[in-house]
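Let's take a walk through this structure together.

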Amino acid sequence: MSNKKYRFQIIKDLITDQEINNQDELLKKLIDLDISVTQATLSRDLRELKVSKVPNSSGQYIYRLTESVAPTATVTHNEKTSLIFSNNLGVIKTKPGYANRIAFEIDNTHFNTIIGTIAGDDTVLIVLKEESSREEVTNELRRIIPNINK
């Protein structure tokens, strides 16, 4: 196994088995396992592995593999998710901690009406294609966010 594949597997195992709050903590754990890596390489690794920070049961943000955050392509939670438009922009307001997952799903679903997203903690900015109607965007988003604006 190559060094990179091995390092990726160790990072995945650490993130899956432990609650790691930041890169410094993860870097120290890797060094303890005799895996030499720079901060810049670790940042790239986390990006390539699609690692996100999500809130744990205590509300602290920890690293998780994005694919393991939600088992399906549908983003669900009990609170209403709202969508507001302004020209060719849309703003999705959601429960704290859900915005990154929603943005990830939108970007990876490759909707015909959306160019891209930017996510905060509870807000996702979506950039619409100029020819897209608000109704088309809302209908496409309902494929992954069934409770949007209901």
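This is a predicted model: local features need pLDDT of at least 70, side-chain atom pairs count only at pLDDT 80 or more; totals for chains, interfaces and linings use all residues.

The protein chain holds six helices and six strands. If you trace the chain from its N terminus, the elements come in the order α-α-α-β-β-α-β-β-α-β-β-α. Of its 150 residues, 40% count as buried. The accessible surface amounts to about 8800 Å², and carbon and sulfur atoms account for 48% of that. As for contacts between residues at least 6 apart in sequence, 52% of them join residues at least 24 apart.

Now turn to helix α1 (residues 3-17) and helix α3 (residues 39-48), which pack with their axes 11 Å apart and at an angle of about 75 degrees. Because angles of 65 to 115 degrees count as roughly perpendicular, α1 is roughly perpendicular to α3. On the α1 side, the contact is made by K4, R7, F8, I11 and I15, while α3 brings T41, L42, D45, L46 and E48. Sorted by class, this contact of α1 with α3 has five nonpolar, four charged and one polar residues.

Helix α3 also meets helix α2 (residues 23-32): their axes cross at roughly 105 degrees and come within 11 Å. Therefore α2 and α3 are roughly perpendicular to each other as well. Here Q23, D24, L26, L27 and L30 of α2 touch Q39, L42, S43 and L46 of α3. By class, the contact of α2 with α3 has five nonpolar, three polar and one charged residues. Look for L42 and L46 of α3, which take part in the contact with α1 and also in the contact with α2.

Note on methods
Residues are numbered from 1 along each chain as its sequence is written. Side-chain values use heavy atoms; hydrogens and water are left out. Axes are lines fitted to C-alpha atoms, for helices over the stretch in contact, and angles run from 0 to 180 degrees between N-to-C directions. Helices (H or I, at least four residues) and strands (E, at least two) are DSSP runs, numbered from the N terminus. Angles under 35 degrees count as roughly parallel, over 145 as roughly antiparallel, 65 to 115 as roughly perpendicular and the rest as oblique. Contact means heavy atoms within 4.5 Å. Ala, Val, Leu, Ile, Met, Phe, Trp, Tyr, Cys and Pro count as nonpolar, Asp, Glu, Lys and Arg as charged, and the others, Gly among them, as polar. Buried means under 20% relative accessible area, exposed over 50%, partly exposed in between (1.4 Å probe, protein chains only). Accessible areas come from the Shrake-Rupley method with a 1.4 Å probe; for residues, only the protein chains shown count as cover.
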